[in-house]
Amino acid sequence: MPEPLKLLTDRFDTPIGEMVIVADHDGNLRAVDWTDHTDRLQNLLRRHYGRNGFTLEPANNPSGLTDAIKRYFAGDLTAIATLPVQTEGTPFQHEVWRALREIPHGTTVSYGKLAAQIGRPNAIRAVGLANGSNPIGVVVPCHRVIGSNGSLTGYGGGIERKRWLLEHENKHQPAHLTLKLT
């Protein structure tokens, strides 16, 4: 039986609630969530790595990841753009998650546009499901995907957090890049 994957966790306050990150010893983010959703995070980790396939140990700012995410919340939107991530998922999910990281901060795209960008214009629902399965919210910016009519649609952390994240990014953009939220 293989040795369990040793994962590091850190918790820290953000303007929209306490966040928890899960990283590996190589400095990759494995998961990010809000502490009011710890059951969801535990279920995700068990689904990805197996019930006994991982261990969690507290760590302070593993590989500088916590500090980078804090800088994002302080207004340095680029601080999270190149953070290393490694997640379990299907090839299609990985394709969607890579495309999410290409959405510039302070901008939004619809599920349909995202599906078209990955060359699968008819896979709108599948893109939505992959977006909703994203284990590294904020860093892999699923909050930047909106409905085709410009409305804010579901977000695992709640619509109010999604709204805050988009307003935060909009606030820290050059004036010519600001967007209007509906």
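Trainee: Which backbone atom lies 3.1 Å from a polar atom of the Asn61 side chain?

Mentor: That is the backbone nitrogen of Thr66, 3.1 Å from a polar atom of the side chain of Asn61. Keep in mind that this is a predicted model.

Trainee: Where does Asn61 sit, and is this residue buried or exposed?

Mentor: Start with the secondary structure: Asn61 belongs to the loop between strand 4 (54-58) and helix 2 (65-73). Then turn to accessibility, where the cut-off for buried is under 20%. Asn61 has 19% relative accessibility, so Asn61 counts as buried.

Trainee: Which residues does Asn61 touch, leaving out those up to four places away in sequence?

Mentor: Asn61 touches Asp10, Thr66 and Asp67.

Trainee: Let's move to the strands. How do strand 1 and its partners run?

Mentor: Read direction and bridges together. Strand 1 (residues 5-14) and strand 4 run parallel, joined by five bridges, and Thr9 stands opposite Pro58 in strand 4. Strand 1 and strand 2 (residues 17-24) run antiparallel, with eight bridges between them. There, Phe12 stands opposite Met19 in strand 2, and a hairpin through two residues connects strand 1 to strand 2.

Trainee: How should I read the faces of helix 5? Which of its residues are buried?

Mentor: Look for the buried residues and then at their directions around the axis. In helix 5 (residues 124-132), Val127, Ala130 and Asn131 are buried. They cover an arc of only 100° around the axis, so they lie on the same side of helix 5. The face turned away from that buried side carries the exposed residues Arg125, Leu129 and Gly132.

Trainee: What do the buried residues of helix 5 pack against?

Mentor: They pack against helix 3 (91-101), helix 4 (111-117) and strand 6 (145-146).

Trainee: Now the rings. How many aromatic pairs are there?

Mentor: The count comes to four aromatic pairs. For each pair, check the distance between centres and the angle between planes. One of them is Trp34 with Phe73, edge-to-face at 6.5 Å centre to centre and 75° between the planes. This pair links distant parts of the chain, with Trp34 in strand 3 (residues 29-34) and Phe73 in helix 2, 39 residues apart. Trp34 is buried, at a relative accessible area of 3%, and Phe73 counts as buried at 9%. Tyr49 and Phe54 also pair: their ring centres are 6.4 Å apart and their planes at 65°, so this pair is edge-to-face.

Trainee: Which residues form one aromatic cluster?

Mentor: Trp34, Tyr72, Phe73 and Trp164 do.

Terms used: Residues are numbered from 1 along each chain as its sequence is written. This is a predicted model: local features need pLDDT of at least 70, side-chain atom pairs count only at pLDDT 80 or more; totals for chains, interfaces and linings use all residues. Side-chain values use heavy atoms; hydrogens and water are left out. Helices (H or I, at least four residues) and strands (E, at least two) are DSSP runs, numbered from the N terminus. Buried means under 20% relative accessible area, exposed over 50%, partly exposed in between (1.4 Å probe, protein chains only). A polar contact is a pair of N or O atoms within 3.5 Å; within protein, one must be able to donate a hydrogen and the other to accept it, and residues adjacent in sequence count only if both atoms are side-chain atoms. Contact means heavy atoms within 4.5 Å. Two strands pair if DSSP finds at least two bridges between them. The arc is that of the directions from the helix axis to the C-beta atoms. Rings of Phe, Tyr and Trp (its six-membered ring) pair if their centres lie within 6.5 Å; planes under 30 degrees apart count as stacked, over 60 as edge-to-face and the rest as tilted.
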